[in-house]
Amino acid sequence: MSVAFGCGFDNEGLFAGAAGLLGLGAGKLSFPSQIFASSTNSSTANSFSYCLVDRSNPMTRSSSSLIFGAAAIPSTAALSPLLKNPKLDTFYYAAMIGVSVGGAQLPISLKSLQLSQSGSGGVIIDSGTSVTRFPTSVYATIRDAFRNATTNLPSAPRYSLFDTCYNFSGKASVDVPALVLHFENGADLQLPPTNYLIPINTAGSFCLAFAPTSMELGIIGNIQQQSFRIGFDLQKSHLAFAPQQCK
């Protein structure tokens, strides 16, 4: 098997200190694309998946995992179409159709989440982006619904790119509205609260881990993916979600 890779001699920026980068994108030079193209075993499933543990939880004892091949996607996983954009072949596009807050689906235009025929817009799922970002109008709808459902919670000043924050100091637990991302084929990503309310200091301040973007492209980041096994069946063009699969 022939696999092309590069050597870095001056690694700086966001990834300073990392041992390296494993490209899992859909482009021709990504690691999955290369190993599946080089495989001589026709029975090998062109699939891979990862499960990211909660990096902010000091009690986390397991490690994130990465699986290639037929065992990558659990039989219990919810499946949704994995879309392709011929103009940006590096990204994995999800067929996202909506968002619910507190059990109520929000009035978000389907067009604002869809990949257009011209290759613009759409929603990608990306392990290299931390915070989920949506076009400004979509984000505002989610944020406002969440704020309206949490008027009983003490607020805190905004922090960095987060404009919806709370002061949970002195509280052993709090009740927060459920937040669900909806995809085609009835595949729902029912986020645990730790995937959308994250601590920003040691004083008990938490912020809604979503942000707006001026681009038409939405990105589902790795904070929202934590504790789910996220699978990519490149042969059948399926995106898979399975909760609590980091073992």
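Q: What makes a pair of cysteines a disulfide?
A: A disulfide is a pair of cysteine sulfur atoms within 2.5 Å. Searching the whole structure turns up one disulfide. This is a predicted model, where local features need pLDDT of at least 70, side-chain atom pairs count only at pLDDT 80 or more, and totals for chains, interfaces and linings use all residues. Residues are numbered from 1 along each chain as its sequence is written, and side-chain values use heavy atoms, with hydrogens and water left out.

Q: How do you know that Cys165 and Cys207 form a disulfide?
A: Their sulfur atoms lie 2.0 Å apart, and the cut-off is within 2.5 Å, so the pair counts as a disulfide. The link of Cys165 and Cys207 is right-handed, with 100° about the S-S bond.

Q: Which parts of the chain does this pair link?
A: Distant ones: Cys165 sits in strand 10 (residues 165-167) and Cys207 in strand 14 (residues 205-208), 42 residues apart. Strands here are DSSP runs of E, at least two residues long, while helices are runs of H or I of at least four, both numbered from the N terminus.

Q: Why is Cys207 called buried?
A: Buried means under 20% relative accessible area, exposed means over 50%, and partly exposed is in between (1.4 Å probe, protein chains only). Cys207 has 0%, so it is buried. Cys165 has 5%, so Cys165 is buried too.

Q: Why is Cys7 called exposed?
A: Cys7 has a relative accessible area of 64%, and the cut-off is over 50%, so Cys7 is exposed.

Q: What makes a group of residues a nonpolar core?
A: The residues must be buried Ala, Val, Leu, Ile, Met, Phe, Trp, Tyr or Cys, joined through side-chain atoms within 4.5 Å. The largest nonpolar core here has 42 residues, and those with the most contacts inside it include Met96 and Phe232. Its largest share, five residues, comes from helix 2 (residues 136-148). Apart from it lies another core, of nine residues, Cys207 among them.

Q: What does Met96 touch?
A: Leaving out residues up to four places away in sequence, Met96 touches Leu110, Leu113, Val123, Phe134, Leu181, His182, Phe183 and Ile220. Contact means heavy atoms within 4.5 Å.

Q: Which residues of helix 1 are buried, and what covers them?
A: Pro32, Gln34, Ile35 and Phe36 are buried in helix 1. Strand 1 and strand 2 are among the elements that cover the buried residues of helix 1.
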